[in-house]
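Dear colleague,

Please find below the structure that I am handing over to you. My notes on it follow.

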Amino acid sequence: MRKCASCGFVNDSDDLNFCVRCGALFDKGRKVPDASTMPSDPLERGFSYLSSDCFPEAIQSFTQAMSDQVPDDDVYSKLLDGITSCMLRVPMNYEDYLRADMSKLALTLEDRDIITDLMGRLSDSRDVCNIQAGLMGLANEYLYLTFDAMAVYTDLRDLMEIVSDAIVNLDQLAEHSLKLPSPEGKADNWAHMLIGNYIEFMQVLRETIQRAISSHTPEELDAASDRWASAPSCNYINTIRGAFSASVQTAAAGKLMSKMLLKMRDTQLTAFVSIYFGK
């Protein structure tokens, strides 16, 4: 049995290279180069790690490099190209993704929008996927970035835009999935149904954010955004992730369990608003 690092589902077979619930590809094991063989310059070291498919080490190196320099357009474009290629090429283990700490890199590059730029790059790369499992891997990486974006852009009005864009882009991925072969033993619309679950969650999240915006004054929204922007961490993200986890589990749950999971989702989203406004 193999436990999926992305959604936590325990897959019965050891032979599959992807999770049957969410489609995330399993990491076959990374070989991290000896640090002594890597360039001393953190920017060049980051690109060397990317060429070795070592995503977290590369992002950490880029964060170090950007702490004392402002990249010009050429360097920034090279960063986007390299990171996008790595994310499309490497089966992304969620634990490795978290270890990379993309939000820290984004905050270091304060004059750039690297997370939303990467989200756009991934969405536009859907044609490189020729099987549904691969497209699900891309969809999952897009969601990883979406949650990080919610921790970087602390204004609810920005979050509203991010979630709205996610709905559009995930819908495009879902439609593209119908052109691709499904995994053996799965329905033809397997990926379409799973991504549809993601879209449904984002729609509920958008409604939650819209209600929160409508029930607070612009001054209250500004104050909350400023408070979180200076906070050491945006722990409201944990409740959004918890709500998402409950939501995706409904795809494999029975009727009664689905009702319980959806109630858990709604409770977590209510908690998100309360935490965000310090209530």
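Two rings of Phe, Tyr or Trp (for Trp, its six-membered ring) are paired if their centres lie within 6.5 Å; planes under 30 degrees apart count as stacked, over 60 as edge-to-face and the rest as tilted. By this rule there are 14 aromatic pairs. In one of these, the rings of W228 and Y276 have centres 6.4 Å apart and planes at 25°, so the pair is stacked. It joins distant parts of the chain, as W228 belongs to helix α10 and Y276 to helix α12 (residues 255–276), 48 residues apart.

The model is predicted: local features need pLDDT of at least 70, side-chain atom pairs count only at pLDDT 80 or more, and totals for chains, interfaces and linings use all residues. Residues are numbered from 1 along each chain as its sequence is written, and side-chain values use heavy atoms, with hydrogens and water left out.

Helices are DSSP runs (H or I, at least four residues), numbered from the N terminus. Axes are lines fitted to C-alpha atoms over the stretch in contact, with angles from 0 to 180 degrees between N-to-C directions.

Helix α8 (residues 156–177) packs against helix α9 (residues 190–214) at about 165°, the axes lying 9 Å apart. The two are therefore roughly antiparallel (over 145 degrees). The residues of this contact comprise 18 nonpolar, five polar and four charged; here Ala, Val, Leu, Ile, Met, Phe, Trp, Tyr, Cys and Pro count as nonpolar, Asp, Glu, Lys and Arg as charged, and the others, Gly among them, as polar.

For helix α3 (residues 73–89) and helix α6 (residues 114–123), the packing angle is about 50° and the axes are 10 Å apart.

The largest pocket is lined by 22 residues, with S103, A151, P232, S233 and C234 nearest its centre. A pocket is an open set of points on a 1 Å grid over the protein atoms alone, where a 1.4 Å probe fits, with protein on both sides within 12 Å along at least five of seven lines; lining residues have an atom within 4 Å of a point. Its lining has 13 nonpolar, five polar and four charged residues.

Yours sincerely

Conventions: Angles under 35 degrees count as roughly parallel, over 145 as roughly antiparallel, 65 to 115 as roughly perpendicular and the rest as oblique.
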